Amino acid sequence: MRTQLPRILATTLLACTLLLVLLGMNFSPIFLWSVTPRTPFSEARAPAPPDYTQPSAWSALPELQDLADTVPPSSTAVEPSQAPVDVFYIHPTTYIGGEWNGPVDDSTLNEATDRVATLIQASAFNACCAIYAPRYRQANMTAFTGQVEKGQAALDLAYQDVATAFRYWREHHNRGRPFILAAHSQGTAHARRLLREAVSGTPLRNQLVAAYLPGIPLAESTLRQDLPDIPFCDSPEQTGCVISWNARAAHSTERIHLREPVPHAASRSGPFLCVNPLTWRHDTEPASPERNEGAVFLDATPPQVMPGLTGAQCKDGMLEVLIRADMPRDFMSRLLDHSLGEGNYHPVEYQLFYTSIRRNAVERVAAFLRSNALPTPRDN
């Protein structure tokens, strides 16, 4: 029996190793299968809607201490009550579950949203602005990877919350002040629709400093058609314009394809908008790593600032990057990276250019205030 034990252990270890390898090779479809809703969308099964009169319905508010107030090392933030401009920030997908829409009263989910979205993305704007970040009944991520029709109702429900929060913010907080619209991934899909339905062609267009919308490929032709009065940003101080990028390595692997959730296939074809977050131009000029003042990982312990981590160049509608050092990623983050595919930097599209975004938001706000006479005092 003793002589057989090493052989049994070795066989078991080999079997476990092969299982892990197979799971690693096929993790993406297994993961997508595990989070795909098993029943059709039903509004009757949807979680209760958020009440935006309650602070708990917001991931960030200027009057609260929250993770949007986090300041990277050697940086400073503006006092929210003195900020001349607001940011309306729409977070990406943080819900991992089998329902069509995630709840807004789940403390574990809300903590995850605050940590993996508000902390590492929305905080980039606290040097210039007061930050508002609503929670919403976010759609299941398969609404961005499967057939449009199957997830459209879930996306519509999520957008209803975002639109309601935006309207509440305008009426009770903003009241005519300039604003930045910022988002990522699923948040970008909702922000793009918000621009089309609530900003473009309205007086709000004149309050828009800029829209920072990375994380979903946005077809230039569709943007021009839907947002005729909102151009693509093509300089660091241009205002009233839209910015987007999707960061990939030169030979990335797309295991999970995220697409713009619009019903017509032609609207999902390129070329896609790419504004380089190191030059802030809509062109193919390469920017060297030396122009990157710092990728910032506030979720690391301690927080890390990594100057020169990558340069960037827009190529064929994608932002090509070459990462020059290991990024601080925990186990779950690395699992997500593996699921998306090698060289797919979707999860860190803010972090890679955090310092550049932070500086540019300040510059763009200053340019806007120089050329516009709009009310800026906060109405307490």
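Leaving aside neighbours within four places in sequence, which residues is proline 134 in contact with? In this predicted model, where contact means heavy atoms within 4.5 Å, the partners of proline 134 are Tyr52, Ala57, Trp58, Ser59, Phe88, Tyr89, His91 and Ala165. Proline 134 is found in strand β3 (residues 129–134). Helices (H or I, at least four residues) and strands (E, at least two) are DSSP runs, numbered from the N terminus. Proline 134 counts as buried because its relative accessibility is 1%. The cut-offs are under 20% relative accessible area for buried, over 50% for exposed, and in between for partly exposed (1.4 Å probe, protein chains only). Histidine 91 lies 43 residues from proline 134 in sequence, with a C-alpha to C-alpha separation of 8.1 Å.

Residues are numbered from 1 along each chain as its sequence is written. The model is predicted, with local features needing pLDDT of at least 70 and side-chain atom pairs counting only at pLDDT 80 or more, while totals for chains, interfaces and linings use all residues; side-chain values use heavy atoms, leaving out hydrogens and water.

The protein chain has 8 helices and 11 strands. Of its 380 residues, 53% count as buried. Among contacts between residues at least 6 apart in sequence, 81% join residues at least 24 apart. The accessible surface of the protein chain comes to about 17,300 Å², by the Shrake-Rupley method with a 1.4 Å probe, where for residues only the protein chains shown count as cover. Carbon and sulfur atoms hold 56% of that surface.

Strand β5 (residues 208–212) is mostly covered, with 5 of its 5 residues buried. Strand β4 (residues 179–183) runs parallel to β5 and is joined to β5 by 4 bridges. Pairing requires that DSSP find at least two bridges between two strands. Leucine 181 stands opposite alanine 211 in β5. From β4 the chain crosses through helix α5 (residues 186–199) to β5, a right-handed β-α-β crossover. Right-handed means that, with the strands pointing away from the viewer, the path from the first strand over the helix to the second runs clockwise. Strand β6 (residues 241–243) is also parallel to β5, with 3 bridges. There, alanine 210 stands opposite cysteine 241.

The largest nonpolar core holds 98 residues. Such a core is a set of buried Ala, Val, Leu, Ile, Met, Phe, Trp, Tyr and Cys residues joined through side-chain atoms within 4.5 Å. Trp58, Phe88, Phe125, Ile180, Leu181, Leu194 and Tyr212 touch the most other members. Helix α4 (residues 148–174) gives the most to this core, with 10 residues. Beyond four places in sequence, phenylalanine 88 touches residues including Trp58, Pro134, Ile180, Leu181 and Leu194.

The structure holds 15 salt bridges, each a side-chain nitrogen of Lys or Arg within 4 Å of a carboxyl oxygen of Asp or Glu. Arginine 45 pairs with glutamate 99, the closest N and O atoms being 2.8 Å apart. Arginine 45 lies in the loop between α2 and β1 and glutamate 99 in the loop between β2 and α3, so the pair ties together parts 54 residues apart in sequence. Arginine 137 and aspartate 161 also meet in a salt bridge (2.8 Å, N to O). Arginine 137 is buried at 6% relative accessible area, and aspartate 161 is buried at 4%. Asp156, Arg193, Arg196 and Glu197 are linked in a network of salt bridges.
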